Amino acid sequence: MVKEAEKEIGHVSDYFKNVEVAAIKLSKSLKVGDKIHIKGATTDFKQEVKSMQINRKPVTEAKSKDEIGIKVKDRVRRNDKVFLVKQES
């Protein structure tokens with residue numbers, strides 16, 4: 001059976017409803033293709049990071065202290081926590 005382990009990697013600093021993009025302040029690194037879990041008082045979903053931007057420029061990897069923008073599949077709120085989801089066997 002495959003288990004998932006989660007590690008907190010940042011928080012939502014802003015949300016842009018008209019383009020469905022979350023601004024996330026990272027405390028750990030993140031890459032395109034990683035699976036994330038966004039969780040808050042009324043937010044709780046997982047998704048794959050398909051693309052991300054720093055200062056409106058596409059990047060494939062971001063490091064600690066970067067602020068990134070990613071398209072999200074559901075509404076998020078400020079201070080929602082962002083977790084990196086890893087598969088464990």
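Modeller: Please bear in mind throughout that this is a predicted model.

Colleague: Which side chain does Glu 4 meet in a salt bridge?

Modeller: Side chains of opposite charge can pair when their charged atoms come close. For Glu 4 the N to O distance in the salt bridge is 2.7 Å, and the side chain on the other end belongs to Lys 46. This pair links distant parts of the chain, 42 residues apart, with Glu 4 in strand S1 (residues 3-16) and its partner in strand S5.

Colleague: Which residues are linked with Glu 4 in a network of salt bridges?

Modeller: The structure holds eight salt bridges, and the pair of Glu 4 and Lys 46 is one of them. The network that includes Glu 4 links it with Glu 6, Lys 35 and Lys 46.

Colleague: Is Gln 47 buried or exposed?

Modeller: Gln 47 is found in strand S5, which covers residues 44-48. A polar atom of its side chain lies 2.9 Å from the backbone oxygen of Lys 71. Because the relative accessibility of Gln 47 is 11%, and the cut-off for this class is under 20%, Gln 47 counts as buried.

Colleague: How many residues apart are Arg 78 and Asp 14?

Modeller: The side chains of Arg 78 and Asp 14 meet in a salt bridge, with an N to O distance of 3.2 Å. Arg 78 is exposed, with a relative accessible area of 55%, whereas Asp 14 is partly exposed at 22%. Arg 78 sits in the loop between strand S9 (67-71) and S10, while Asp 14 is in strand S1, so that the pair links distant parts of the chain, and the separation is 64 residues.

Colleague: What is the relative accessibility of Asp 66?

Modeller: Asp 66 forms a salt bridge with Lys 63, the closest N and O atoms being 3.8 Å apart. Lys 63 is exposed, with a relative accessible area of 55%. Asp 66, in contrast, counts as buried, and its relative accessibility is 16%.

Colleague: Which residues form a positive surface patch with Lys 86?

Modeller: Lys 86 has its place in strand S10 (residues 81-88). Its relative accessible area is 45%, which means that Lys 86 is partly exposed. The residues that form the positive surface patch together with Lys 86 are Lys 7, Lys 28 and Lys 31.

Technical notes: Residues numbered from 1 in each chain as written. Predicted model: local features only at pLDDT ≥ 70, side-chain atom pairs only at ≥ 80, totals over all residues. Heavy atoms only, no water. Patch = residues over 30% accessible without salt bridge, like charges linked within 9 Å, V, L, I, M, F, W, Y side chains within 5 Å. Areas by Shrake-Rupley, 256 points an atom, 1.4 Å probe, with all protein chains shown as cover. Salt bridge = Lys/Arg side-chain N within 4 Å of Asp/Glu carboxyl O. Lys, Arg positive; Asp, Glu negative; His and termini not counted. Charge placed at Lys NZ, Arg CZ, Asp CG, Glu CD. Helix = DSSP H or I, 4+ residues; strand = E, 2+ residues; numbered from the N terminus. Buried < 20%, exposed > 50% of the residue type's maximum accessible area, 1.4 Å probe, protein only. Polar contact = N/O pair within 3.5 Å; in protein donor to acceptor, adjacent residues only side chain to side chain.
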